[in-house]
Amino acid sequence: METKVWHVDKNVEEKINYSQIVDAARVIRDGELLAFPTETVYGLGANALSDEAVEKIYTAKGRPSDNPLIVHIGSLSQLSAVASFVPPKALKLIEAFWPGPLTLFLPKTEAVAGRVTAGLDTVGVRMPDHPLALALIQEAGVPIAAPSANRSGRPSPTSAAHVLADLDGRIAGVLDGGPTGVGVESTTIDMTAEPPVIHRPGGITYEQIKAVIGEVLVDAAVTDSKQAQPLSPGMKYTHYAPEGQMWIVSGEAAAARQQMLHMLAEAKREGKKTGVLAVEEKAEWWRRQESADVVISCGSSSELESVARELYSCLRQFDDHQVEFIVSEAFPTSGIGLAVMNRLEKAAGGRIIRV
Ligand code: TXA
Ligand code: MG
């Protein structure tokens, strides 16, 4: 299959070329797969009301069939088509954070294709904060089921080039709206539980949610990858991973640095190509050490949002350089840092060393 690419400049809203949106929306209406930008990462979309269309997502991604998808809506009027009940606390979160990077698990309606929810009786719903995504959903006239548009297990795509690297020839089209903004996926929260439980930290932080609805829990598996079976099926798989083996070193800065130097030297002795993931403030220092073959600078420690925005692209760069052994420092887990550390831990397959 030839994958068609529509380049749309979303930064100049007046310039959204609606004839391109109309073409792209036809892909969804025809029951085929279209990758599109959201504010978090690119999604791989299909008509959420069609089992046949949704099935193609699992095939294209190589996604385990027990892993449910998020449904994206373009207006609040579409919510009742997919959710049979919206608890008062969910309404408060919608009011505060939609459109935005927050997915609510709600009781599903009959209309939602069974393949979307992988047999669960809840459905994950969100309204993305991206003009192209919203225009696309409205033009398609149906809610769009979309996981991240990567091959299963790979880092999520934050550009159309990442999507094509994974899925060129396997999907009907890509709507290219440039790089995404948040960089990590939406926060997911089960609103059928009392108190509600965050399954995956993301673009809307624990602190922000707590400020709106009060008590909220976080799945124990989010902060301790070894401790518990995660509540969401998708969170149990090794994820977001570069091809090289990655380790995270956490602890006091000087001690962590020593540990990282030691590990890099050891890996080099074993003949491995080595890499370091470091914030831009520290990248120069690492380059001067010449202890690693590749140093990838990833955001600034003074603004963890920038680390989130660049993280997946940084992880993919290690693959571009065929790095076999990667060390990364750890990040504080407040605010968006909780999502950054959760993704890093998954990329590392739980390999963390505390010094
Ligand atoms: O930002 C995002 O959320 C992106 C963009 C494209 O919207 N989407 C995304 O989808 O990250 P995906 O499929 O990569 O991750 C969805 C996560 C998985 O861990 C899945 O298991 C979980 O949400 N999930 C979906 N529906 C669920 C449900 N009803 N109950 C429990 N977990 C659910
Ligand atoms: Mg994903």
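**View 1. Ser186 and Thr103 in the predicted model.** The side chains of Ser186 and Thr103 are joined by a polar contact of 2.8 Å, a polar contact being a pair of N or O atoms within 3.5 Å in which, within protein, one must be able to donate a hydrogen and the other to accept it, and residues adjacent in sequence count only if both atoms are side-chain atoms. Ser186 lies in the loop between strand 8 (173-176) and strand 9 (187-190), strands being DSSP runs (E, at least two residues) numbered from the N terminus. Ser186 counts as buried because its relative accessibility is 2%, the cut-off being under 20% relative accessible area (1.4 Å probe, protein chains only).

**View 2. Polar atoms facing ligand 1.** A polar side-chain atom of Ser232 lies 2.6 Å from a nitrogen atom of ligand 1, while oxygen atoms of the ligand lie 2.9 Å from a polar side-chain atom of Arg200 and 3.1 Å from an N or O atom in the side chain of Ser148.

**View 3. The shell around ligand 1.** Of the 25 residues around ligand 1, those that come nearest are Thr40, Asn67, His72, Ser186 and Ser232, where a residue is near if one of its heavy atoms lies within 4 Å. Strand 6 gives the most to this shell, with 4 residues.

**Notes.** This is a predicted model, in which local features need pLDDT of at least 70 and side-chain atom pairs count only at pLDDT 80 or more, whereas totals for chains, interfaces and linings use all residues. Residues are numbered from 1 along each chain as its sequence is written, chains are lettered from A and ligands numbered from 1 in the order in which they are written, and side-chain values use heavy atoms, with hydrogens and water left out.

Terms used: Buried means under 20% relative accessible area, exposed over 50%, partly exposed in between (1.4 Å probe, protein chains only).
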